[in-house]
Amino acid sequence: MSAKGLIALLPIKGTIAAESSLFGFLSSSRGIIQAIEDVERRKRIKAVVFEIDSPGGTPFAAKEVATRIKAMKKPTIAWVREHATSGGYWIASACDEIVADELSTLGSIGVLSIRPDIGELLKKFGIDIETLKTGIYKGLGLPYETPSEDERALLQAELEEIKEHFLSAIAANRQLDEETLKELATAKVYLGREAKEIGLIDHLGGKDIALARAKERSGITREKIISYDERRRKGVLRRLIEELLW
């Protein structure tokens, strides 16, 4: 009798933040982790393929998801579609294997901070803002105050610390050598074939390859795919019946 089991297809798409936005523009790390925990609880699910199409997001959210994936006991495969860059790649690197297309973009391992400066614009409209604060760094990041050199140095030091944490996690996940790590630190973006040559991914291909790897790692010979994207649109009873009848 052949061994059969379910393979979960779990999407991670768009910009990732700790919480989703009001209009649904962001993927929530909380929601992704809840789906992972559901996968872990269900004994019939033998492996999970993460369908990743993300430019990253906040460092905290990316780390939170990557850490949870790394702790999973079931086989995990990252299937990169168009891109897995910055935090999106951090998450992919936490999986057992990574599959990406030749034209997928990967990498961009770095940290970016953007602060709009609207101080001059406000002055043109005759708007003055008075800020009262305690602590010399309390107003750091306000869009109408130009940061001092000390403040700039502090911000840069924070970015460097996050980048080093980012790089060390990926180096450990992918067992990268020092030379590759130095190149990654430039925040370069790689297409699939070059990414495979330097060890950022394991296989060139798409969904079929990812599912095949999940099937082999889980040891099943017959599989049914459970899409967590589609599950959200189905009622609990319908989902249960579909899985029990298989």
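**View 1. Strands E5 and E6 pair in the parallel sense.** In this predicted model, local features need pLDDT of at least 70 and side-chain atom pairs count only at pLDDT 80 or more, while totals for chains, interfaces and linings use all residues. Residues are numbered from 1 along each chain as its sequence is written, and side-chain values use heavy atoms, with hydrogens and water left out. Strand E5 covers residues 76-85 and is joined to E6 over 4 bridges; two strands pair if DSSP finds at least two bridges between them. Helices (H or I, at least four residues) and strands (E, at least two) are DSSP runs, numbered from the N terminus. Trp79 has Val99 in E6 as its bridge partner. With helix H3 (residues 87-93), E5 and E6 make a right-handed β-α-β unit: with the strands pointing away from the viewer, the path from the first strand over the helix to the second runs clockwise.

**View 2. Strand E6 is covered on both faces.** In a regular strand the side chains alternate between the two faces of the sheet. In E6 (residues 97-100), Glu97 and Val99 lie on one side and Ile98 and Ala100 on the other, and all are buried. Buried means under 20% relative accessible area, exposed over 50%, and partly exposed in between (1.4 Å probe, protein chains only). E6 also runs parallel to strand E9 (residues 203-204), joined by 2 bridges. Ala100 stands opposite Leu204 in E9.

**View 3. Phe50 sits in the largest nonpolar core.** A nonpolar core is a set of buried Ala, Val, Leu, Ile, Met, Phe, Trp, Tyr and Cys residues joined through side-chain atoms within 4.5 Å. Leaving aside neighbours within four places in sequence, the residues in contact with Phe50 (heavy atoms within 4.5 Å) include Ile36, Met72, Trp79 and Cys95. A second, separate core has 11 residues, among them Ile7 and Ile220.

**View 4. Trp90 and Phe166 form a stacked pair.** A search of the whole structure finds 1 aromatic pair. Its ring centres are 4.7 Å apart and its planes are at 20°, so the pair is stacked. Rings of Phe, Tyr and Trp (its six-membered ring) pair if their centres lie within 6.5 Å; planes under 30 degrees apart count as stacked, over 60 as edge-to-face and the rest as tilted. Trp90 is in helix H3 and Phe166 in helix H5, so the pair ties together parts 76 residues apart in sequence. Both residues are buried.
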